[in-house]
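This briefing covers selected side-chain features of one protein chain. It is grouped by topic.

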Amino acid sequence: MYKSILKPLIDFTGALILLILFFPIILLTALLIRIKLGRQILFTQSRPGYKGKVFTIYKFRTMSNVKDLNGELLSDEQRLGKFGQFIRSTSLDELPQLWNVLKGDMSFIGPRPLLSEYLPLYTPTQAKRHDVKPGITGWAQVNGRNAISWEEKFRYDVDYVNTLSFRVDFKIFCLTLKKVSARENINKENMLTTTVFKGNMDDK
């Protein structure tokens, strides 16, 4: 009952309320991004959701479009300046995903939606992460976020799918507030962005 009825109801109601309450912050963040990074405010990308169905995810843009002498974009680390790092460390970049939750593409809590190109790389066990809607935050995020390995992330994702309940979601919600407040585990040591998943892992 919780997974099929109460959780979707909480997601829709919560997203609607938070979009209204956070509207001034969303507007201010969008204005600052417009000033600091240029006309493009939102970052949009196709991501696989529940049962692998692809949807468009919305996030605030955090990187500049700085290019090298050959006209090629610089690396993610070079394009993610102090302003972008601040937006990410405070999780302000995640606010547009409230719209994804309101639409039903995502949940507040669940495995993070990753790149579509990763789908064929999952083991059967890892693919179970798509048995629930992806979330803005999740069990892997409160247990290390980008500071842990892909193997650990997927292990936490599958554990969440197997133990999904109101109690687990409430625990993750409380831990998320703590992590965001402390700005913990944003990235791996000496790295500003997460590494690329290349597959070829043992099915555990």
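One aromatic cluster is formed by Tyr118, Tyr122, Trp150, Phe154 and Phe197. The model is predicted. Aromatic pairs in the structure number 10.

**Aromatic pairs**

- Tyr118 and Phe197 pair edge-to-face, with 5.4 Å centre to centre and 80° between the planes.
- Tyr118 sits in the loop between strand E3 (107-109) and strand E4 (135-137), and Phe197 in the segment after H7, so this pair ties together parts that are 79 residues apart in sequence.
- Tyr122 and Phe197 form a stacked pair, at 5.9 Å centre to centre and 25° between the planes.
- This pair also links distant parts of the chain, as Tyr122 is in the loop between E3 and E4 and Phe197 in the segment after H7, 75 residues apart.
- Tyr118 counts as buried at 5% relative accessibility, and Phe197 counts as buried at 2%.
- Tyr122 is buried too.

**Thr29**

- Thr29 belongs to helix H2 (residues 23-37).
- With a relative accessible area of 6%, Thr29 is under the 20% cut-off and is therefore buried.
- Its side chain reaches the backbone oxygen of Ile25 at 2.8 Å.
- Apart from neighbours within four places in sequence, Thr29 is in contact with Phe60, Ile87 and Leu92.

**Nonpolar surface patch**

- Met1, Ile5, Leu6, Leu9, Ile10, Phe166, Phe170, Phe173 and Leu177 make a nonpolar surface patch of about 940 Å².
- Helix H1 (2-21) and helix H7 (166-182) are the elements that give two or more residues to the nonpolar patch.
- Leu9, one of the patch residues, lies in helix H1.

Note on methods. Residues numbered from 1 in each chain as written. Predicted model: local features only at pLDDT ≥ 70, side-chain atom pairs only at ≥ 80, totals over all residues. Heavy atoms only, no water. Helix = DSSP H or I, 4+ residues; strand = E, 2+ residues; numbered from the N terminus. Buried < 20%, exposed > 50% of the residue type's maximum accessible area, 1.4 Å probe, protein only. Polar contact = N/O pair within 3.5 Å; in protein donor to acceptor, adjacent residues only side chain to side chain. Contact = heavy atoms within 4.5 Å. Patch = residues over 30% accessible without salt bridge, like charges linked within 9 Å, V, L, I, M, F, W, Y side chains within 5 Å. Areas by Shrake-Rupley, 256 points an atom, 1.4 Å probe, with all protein chains shown as cover. Salt bridge = Lys/Arg side-chain N within 4 Å of Asp/Glu carboxyl O. Phe/Tyr/Trp six-rings, centres within 6.5 Å; stacked < 30°, edge-to-face > 60°.
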